[in-house]
Amino acid sequence: MSSNGWEDWKLYERMVARLMADELSTDLCVTPNASIRGSITGIKRQIDVLIETRHDTDNTRRVIVDAKRRKRKIDVKDVEAFRGMMEDVGATHGYLVCPRGHTAAAEKRAQTSVSIRLLPLDHLENFDPRTWPSCLRPKCSKGRIFWDGYPEISLRLMDSSGKEIRRAFIHSVGKCDFCGVFHVECRECREILRIPDDDDADVGHQCACRLPWFWLASVEMDDKGAQSAELHLVMGHGEVRTVNRRSLSTA
Ligand SMILES: [Zn+2]
Ligand SMILES: [Zn+2]
């Protein structure tokens, strides 16, 4: 255990997720501690960091990341095990991240489908996921909310003199790093909403601002049968935007 009560490996995994989310295009969403049912093994595989398309049910560009906090270098066996996992969960690319580097043979085995990246432990110094808000699911006591998307809604309003002005409303969207449930934070009223994807009776969620949109999550299936949980922003006039995703199974 590290001094702040989080296991060292978990801190390292979350830091890798945070860095990935901060450097990737906003078209991609990042899920820490994801779980996908593999197409070969049929069992749930734990994935340190899952990267996939944010706005559509496209499972052909899935990337997974394995964060290996350990004292020795990454070797051939690590790369082979990781390539097996990539195949099982249908990942087209993988990142192996470690603090100590890798052997020459590991690099050869990685070929073009795996990138091995070095991330030294001193990056952890100013990193503290305890500052992240707690998950709002009643039975999830360990989870923290990992924000990775910031959808903006532009609204035409009247100012006090009756002149039309445009205002942007910004939100944070993300999910629990333990149970995966989606959350939305309104930057206006600072309310955080929990949006369940496993409740068919759910009719949508609004923050205290009561503006003309709401949030709703559902489980979607692509044309091959792969399932993903998706978070939607539903506008008053019926437009629906998918703003976050989390794959659940492969086809
Ligand atoms: Zn949770
Ligand atoms: Zn609000």
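Analyst: R37 is partly exposed, because 17 other C-beta atoms lie within 10 Å of its own, and a residue needs 20 or more to be buried and 12 or fewer to be exposed. The model is a predicted one, and this count, like the other values below, is computed from it.

R37 is found in strand 1, which covers residues 28–37. Beyond its neighbours within four places in sequence, R37 is in contact with G42, I43 and K44, and also with L248, S249 and T250. There is also a spacing to note between R37 and D88: they are 51 residues apart along the chain, and 8.4 Å separates their C-alpha atoms.

The domain assignment gives domain 1 as residues 8–129 and domain 2 as residues 131–247. The C-alpha centres of domain 1 and domain 2 are 26 Å apart. Where they meet, 21 residues of domain 1 are in contact with 19 residues of domain 2. On the domain 1 side, the elements that give two or more residues are helix 1 (8–23), strand 1 and strand 2 (44–53). Strand 1 gives the most to that side, with 7 residues. By type, the residues on the domain 1 side that touches domain 2 divide into 9 nonpolar, 6 polar and 6 charged.

Helix 1 is the next element to follow. Its 16 residues should span 22 Å at 1.5 Å a residue, and the end C-alpha atoms of helix 1 are 23 Å apart, so the two values agree. The buried residues of helix 1 are Y12, E13, R14, M15, V16, A17, R18, M20 and A21. They pack against strand 1, strand 2, strand 3, strand 4 and strand 6 (145–149).

Within helix 2, D78, V79, F82, M85, M86 and V89 are buried. These residues lie on the same side of helix 2, because they cover an arc of only 120 degrees around the axis. The face turned away from that buried side carries the exposed residues K77 and A81. What covers the buried residues of helix 2 includes strand 1 and strand 2, together with strand 3 (63–67), strand 4 (93–98), helix 3 (104–110) and strand 5 (114–118). Just after helix 2, G90 takes a positive phi of about 70 degrees.

Q111 has a phi near 45 degrees and lies in the loop between helix 3 and strand 5. Q111 counts as exposed because it has 9 C-beta neighbours inside 10 Å. R190, which is not a glycine, has a positive phi of about 70 degrees. R190 sits in the loop between strand 9 (182–186) and strand 10 (192–195). R190 is exposed, because 9 other C-beta atoms lie within 10 Å of its own.

M158 is exposed, because 9 other C-beta atoms lie within 10 Å. Apart from its neighbours within four places in sequence, M158 is in contact with K163 and E164.

Strand 11 (residues 213–221) and strand 12 (residues 227–235) pair in the antiparallel sense over 9 bridges, and W215 has L233 in strand 12 as its bridge partner. Strand 11 and strand 12 form a hairpin with 5 residues between them, and G225 in the turn has a positive phi of about 100 degrees. Strand 12 and strand 13 (residues 240–247) also run antiparallel, joined by 7 bridges, and the bridge partner of H232 in strand 13 is T242. The hairpin of strand 12 and strand 13 has 4 residues between the strands, and G238 in the turn has a positive phi of about 105 degrees.

Terms used. Residues numbered from 1 in each chain as written. Chains lettered and ligands numbered in written order. Predicted model: local features only at pLDDT ≥ 70, side-chain atom pairs only at ≥ 80, totals over all residues. Contact = placed C-beta atoms within 7 Å. Domains from an automatic or database assignment. Nonpolar A, V, L, I, M, F, W, Y, C, P; charged D, E, K, R; others polar. Arc of directions from axis to C-beta. Pairing = 2+ DSSP bridges. Expected span 1.5 Å × (residues − 1).
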